[in-house]
Amino acid sequence: MHRPAIAPAQAELFKRAFRRHAAGVCVVVVHDEAGPVGATMTSVASVSADPAIVSFSAASSSRLALALADGARVGVYVLSAAQRPVATALARPGPGAFDAALGWDVLPDGRLALTGAASQLHGRVTNRVPAGASVLALMQVDEVVVGDPDVRPLVHHDRDYWELAQPATASRLR
């Protein structure tokens with residue numbers, strides 16, 4: 001049984017504090033013999049550019065965490081604002097989570113592509129680190145697909161999905 005390292009009242013405040021942290025929304029998908037296993041998450045982060053490594057965390061008891069063996073093939077899909085239905089479908093995976101109607105397409109090598117994603121990162125799990133009731137996974141990226149630079153990202157804040165407005169200034173780098 002997992003015991004919080006801080007008092008329950010402080011644990012609740014910790015959760016409330018992070019609800020105020022706006023974060024980009026991604027879908028992480030593990031490709032295994034049984035088919036794709038995925039989840040919507042906001043914990044994806046860049047760790048290194050050389051070599052390209054990203055991290056993400058999942059609840060230790062989740063199907064995704066159980067599929068995250070070292071060497072497992074993984075796809076990370078950065079969602080655009082138009083992909084709220086994808087985020088919703090994979091927040092509580094079930095039948096239809098990977099339907100073509102949501103934009104999923106199966107590549108010749110069996111991996112998935114997601115039409116309309118802001119970007120896609122494909123690679124393999126290199127490390128898993130137990131972290132409380134979660135597991136932190138490191139993925140070495142071996143393929144990057146950058147989508148349309150004009151799509152707006154899907155953002156999660158205070159238990160809801162948001163679309164960003166236009167930038168305050170027109171000076172953005174591409």
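1. Let's start with Glu 163: in this predicted model, Glu 163 is partly exposed, with a relative accessible area of 48%. Its side chain meets that of Arg 152 in a salt bridge, 3.4 Å from N to O. This pair links distant parts of the chain, with Glu 163 in strand E12 and Arg 152 in the loop between E10 and E11, 11 residues apart. Arg 152 counts as partly exposed too, at 28% relative accessibility.

2. Glu 163 also has a place in a sheet: Leu 154 stands opposite Glu 163 in E12. Strand E11 (residues 154-157) pairs with E12 in the antiparallel sense over 4 bridges. The sheet is open, has 3 strands and runs in the order E1-E11-E12. E1 (23-24) and E12 (160-163) stand at the edges with a single partner strand each, so one side of each is left without a neighbour in the sheet. Helix H3 (residues 84-91) packs on the sheet and touches E11 and E12, its direction making about 160° with that of E12.

3. Now for Arg 111, which forms a salt bridge with Asp 109, the closest N and O atoms being 2.7 Å apart. Glu 143 forms a salt bridge with Arg 111 as well, again with 2.7 Å between the closest N and O atoms. Glu 143 sits in strand E10 (residues 134-146) and Arg 111 in the loop between strands E7 (104-106) and E8 (112-114), 32 residues apart.

4. Which of these side chains are buried and which partly exposed? Arg 111 counts as buried because its relative accessibility is 14%, under the 20% cut-off. Asp 109 is partly exposed at 40%, and Glu 143 is partly exposed at 29%.

Note on methods: Residues numbered from 1 in each chain as written. Predicted model: local features only at pLDDT ≥ 70, side-chain atom pairs only at ≥ 80, totals over all residues. Heavy atoms only, no water. Pairing = 2+ DSSP bridges. Helix = DSSP H or I, 4+ residues; strand = E, 2+ residues; numbered from the N terminus. Contact = heavy atoms within 4.5 Å. Axes fitted to C-alpha atoms, helices over the stretch in contact; angles between N-to-C directions. Salt bridge = Lys/Arg side-chain N within 4 Å of Asp/Glu carboxyl O. Buried < 20%, exposed > 50% of the residue type's maximum accessible area, 1.4 Å probe, protein only.
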